[in-house]
Amino acid sequence: MLEEMGKAAKTASYRLVQLSTHEKNEVLMRIADYLESRAQSVLSANADDIAEARNNGLSEALLDRLMLTPARLAAIADDVRQVCGLADPVGQLIDGGTLDSGLRLERRRVPLGVVGVIYEARPNVTVDVASLCLKTGNAVILRGGKETWRTNAATVGVIQRALEECGLPAAAVQAIENPDRALVHEMLRMDSYIDMLIPRGGAGLHKLCREQSTIPVITGGIGVCHIFVDSDMAIAPALEIIVNAKTQRPSTCNTVETLLVHQAVAGAFLPALSQRMSQCGVCLHANDGAAALLEAGPARVVPVQNGELDDEFLSLDLNVVLVEDIDAAIDHIRRHGTRHSEAILTRSMRSAQHFVNAVDSAAVYVNASTRFTDGGQFGLGAEVAVSTQKLHARGPMGLEALTTYKWIGYGDDIIRR
């Protein structure tokens, strides 16, 4: 089954590479319109997925990730329209020049070919990935989580209908609907058909892909994100940023999971933190030093457990750790971070620059929420993933990250001498 899908995707990619930007945008606009006009089929499938997930005991955080509402689906359709307005990188001249031999060289952006994406309980990923791949002339094979297989199937059905009505092969966007995990192992070895593989899931999935894939892999999406509160930071604006980073949407990978607090400001800052976190329903997982200053406040406080500093809560829970200084905060991030997103809250430009230079993450912020690590917020449109590695893409992966390049040489009947 997968080999046939791979062959069909590769054939479809040959058709997509010939499309103009105008033709690709027409397809995307048709997809956006169909997501709205055929919303009921997608929402009904999603309701069935939600009901089954709830019966299976999934947490509220995961259910939030699974859930589509009319407003969320409309926002997804609008994201597709926004991709239409983005500059098409395909065909872009990167650089070039004329050599002494007379050969004129150009390095030009081209599609990757076929992209494979393995993801878990995020049904919006189906549309985000499909729209970005189509905009860059790539075919895509999607393998969503078993929790959303009905939603993914219905969504891909809508996309394929739009493709066919625009005269393009439905195989340009395909979904593996069978939840059998053995198919993931088979997909990892489809290097004859898939040119790049993107796993969006937990550490176990990333490890599996790195170890067993014969396809180049881009890993990311695991966000053990930190905010460091420096000794000179004003309390009120710091709390606003922390509340946003923790509570705006706790189930996302750019949500802060650990708050590092300079011990010099802890006596004044932590009681104020307890007040705000109590109002937001956040449970604080504190180390010994922080717990002593938090326990008199109204927020729920529990001891931080082994492993919690190295994993995502994806819920209204926040680690709070006292640190001696900025270097101790940086050391903590190096030991426990996932190179996703980190922030410093400070009034010292020297400290800010030191933090930015020393922290090795895809996104580093000064006096801003980690929630900004997002393709839409970065002006890239919807993202395929947030890469936490360094090659060939890092951070939110937009259109450019879905291209490679080729060298093109123009001669006037010349030969190498």
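Q: How many bridges join strand S7 to S8, and which way do the two run?
A: Five bridges join S7, which covers residues 225-229, to S8, and the two strands run parallel. This is a predicted model, in which local features need pLDDT of at least 70 and side-chain atom pairs count only at pLDDT 80 or more, while totals for chains, interfaces and linings use all residues. Residues are numbered from 1 along each chain as its sequence is written, and side-chain values use heavy atoms, with hydrogens and water left out.

Q: What counts as a strand or a helix here, and when do two strands pair?
A: Both are DSSP runs numbered from the N terminus: helices are H or I with at least four residues, and strands are E with at least two. Two strands pair if DSSP finds at least two bridges between them.

Q: OK, which residue in S8 is the bridge partner of histidine 226?
A: That is threonine 258.

Q: Is S8 mostly covered or exposed?
A: Mostly covered: seven of the seven residues in S8 (256-262) are buried. Buried means under 20% relative accessible area, exposed means over 50%, and partly exposed is in between, using a 1.4 Å probe and protein chains only.

Q: Which other strand does S8 pair with over five bridges?
A: Strand S11, residues 317-323, in the parallel sense. Leucine 259 stands opposite valine 320 in S11.

Q: Back to S7 and S8: what unit do they make with helix H10?
A: A right-handed β-α-β unit, with H10 at residues 235-247. A crossover is right-handed if, with the strands pointing away from the viewer, the path from the first strand over the helix to the second runs clockwise.

Q: And how do the axes of H10 and H11 cross?
A: The two axes come within 10 Å and cross at roughly 40 degrees, H11 being residues 263-280. That makes H10 oblique to H11. The cut-offs are under 35 degrees for roughly parallel, over 145 for roughly antiparallel, 65 to 115 for roughly perpendicular, and oblique for the rest. Axes are lines fitted to C-alpha atoms, for helices over the stretch in contact, and angles run from 0 to 180 degrees between N-to-C directions.

Q: Which residues in H10 and H11 meet?
A: On the H10 side they include Ile235, Leu239 and Val243, and on the H11 side they include Phe269, Leu273 and Met277. Contact means heavy atoms within 4.5 Å.

Q: New topic: what is the strand order in the open sheet of four strands?
A: The order is S5-S4-S3-S6, with parallel pairing. The edge strands are S5 (173-175) and S6 (196-200), each of which pairs on one side only. From one strand to the next, the twist averages 15 degrees.

Q: How many bridges join S3 to S6?
A: Five, between S3 (residues 114-119) and S6, which run parallel. Glycine 116 stands opposite leucine 197 in S6.

Q: How does H3 cross H7?
A: The axes of H3 (residues 39-55) and H7 come within 7 Å and cross at roughly 170 degrees. That makes H3 roughly antiparallel to H7. Among the residues that meet are Val42, Ala45 and Asp49 in H3, and Trp149, Ala154 and Val158 in H7.

Q: What about strand S12, which way do its residues point?
A: Ser341, Ala343 and Leu345 point one way and Glu342 and Ile344 the other, and all are buried.

Q: Which strands does S12 run parallel to?
A: Four bridges join S7 to S12, and valine 229 has leucine 345 as its bridge partner in S12. Four bridges also join S12 to S13, where the bridge partner of alanine 343 is tyrosine 365. The chain crosses from S12 through H14 (residues 349-358) to S13, and this β-α-β crossover is right-handed.

Q: Last one: where does phenylalanine 378 lie?
A: In the loop between S13 (363-366) and S14 (386-387). Phenylalanine 378 counts as partly exposed because its relative accessibility is 38%. Not counting residues up to four places away in sequence, phenylalanine 378 touches Tyr365, Phe372, Thr373 and Pro396.
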